[in-house]
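Hi everyone, thanks for making the time.

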Amino acid sequence: MKIIDTHSHYNLAQFDEDREAAIGRMREAGVGTICVGIDLETSKLAIEIAGDNADIWAIVGQHPTEWKKEFDTVEFAALAEGKNVVAIGECGLDYFRPEDKDHKDEQVILFRQQIELAIESGLPLMLHIRPEMHTMTAYEDALDILEEYKKAAPGLTGTAHFFAGDIRIAERFLDLGFYISFSGVVTFVKDYEATVAFVPLDRILSETDAPFAAPAPYRGKRNEPAYVTEIVKKVAEIKDLPLETVQEQLFNNARTLFNL
Ligand SMILES: [Zn+2]
């Protein structure tokens, strides 16, 4: 294994037909992955998949758009103790759709419950922060909350998955000691090049978010962890560094943050 796709979803229905074959393709590409839960059921499935595969780890938590469901603190705390569980999430704030943005208060409660679980269990956070178009409010609200917890719990850490913020937002995450995860989007839009260039190489993670958001040249297809190689290539290109150097550093970053 040479690359870790730090955020993917083999636990979703899009992989029900060919999960084993897709895992085989990942292995052939020299990739391992972290399978992320979005609710209780998919968190349990992530643990099951991780248990069957030495190159897959699990993250347990509840997605911000799942704010209608109560967070089962007891069940999630028990899951967090699993030996293959490496973080809490994906959790955070999602203001992209009005029907979610209108329920900020519920989202904040759900987010705080998971930050508190991360602190109790000593695990990092897998953050899902999605702003409304042309705003950074979701990031600003999430950072205000994280900065508040960080004062009492200096060990709190994590990563901003599918980063869509600007340099100013990236800077606040870096100041908190968090990592920044770039997805396939960097392979087909230029908007993130300045941010990729800005974030130090030892604080960058690469991820697919498979089955979503396939990188070029696979756009429009179902995404797979094996395709994370395209994102690593793009980071190396933007940083103007040898692929080997970037690949090795991103691998070490994932191992350090998630204690793999
Ligand atoms: Zn995800």
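Let's start with the parts list: the protein chain has ten helices and eight strands. Please keep in mind that this is a predicted model.

Now the overall shape. The C-alpha trace spans about 40 × 40 × 35 Å along its principal axes. For 260 residues, a compact globule would have a radius of gyration near 18 Å, and the protein chain agrees, because its value is 17 Å. Of those 260 residues, 48% count as buried. And if we take contacts between residues at least 6 apart in sequence, 71% of them join residues at least 24 apart.

Next, the inside. The largest nonpolar core has 76 residues, and the ones touching the most other members are Ala58, Ile59, Val60 and Ile88. Which strand gives the most to this core? That is β4, residues 85–94, with six residues. Let's zoom in on Ile59: beyond its neighbours within four places in sequence, its contacts include Val85, Val86, Ala87 and Ile88, and also Ile34, Val36 and Met126.

Finally, let's look at Tyr95, in the loop between β4 and α4, the helix at 98–101. Is Tyr95 buried or exposed? Tyr95 counts as buried, because it has 24 C-beta neighbours inside 10 Å, and the cut-off is 20 or more. Setting aside residues up to four places away in sequence, Tyr95 touches Asp100, Lys101, Arg130, Pro131, Glu132, Thr137 and Ala138. Its C-alpha atom is 28 Å from that of Ile47, which sits 48 residues away along the chain.

Definitions and conventions: Residues are numbered from 1 along each chain as its sequence is written. This is a predicted model: local features need pLDDT of at least 70, side-chain atom pairs count only at pLDDT 80 or more; totals for chains, interfaces and linings use all residues. A nonpolar core is a set of buried Ala, Val, Leu, Ile, Met, Phe, Trp, Tyr and Cys residues joined through C-beta atoms within 7 Å. A residue is buried if 20 or more other C-beta atoms lie within 10 Å of its own, exposed if 12 or fewer, and partly exposed in between; C-beta atoms are placed from the backbone. Helices (H or I, at least four residues) and strands (E, at least two) are DSSP runs, numbered from the N terminus. Two residues are in contact if their C-beta atoms, placed from the backbone, lie within 7 Å. The radius of gyration is taken over C-alpha atoms; the globule rule is 2.2 Å times the number of residues to the power 0.38.
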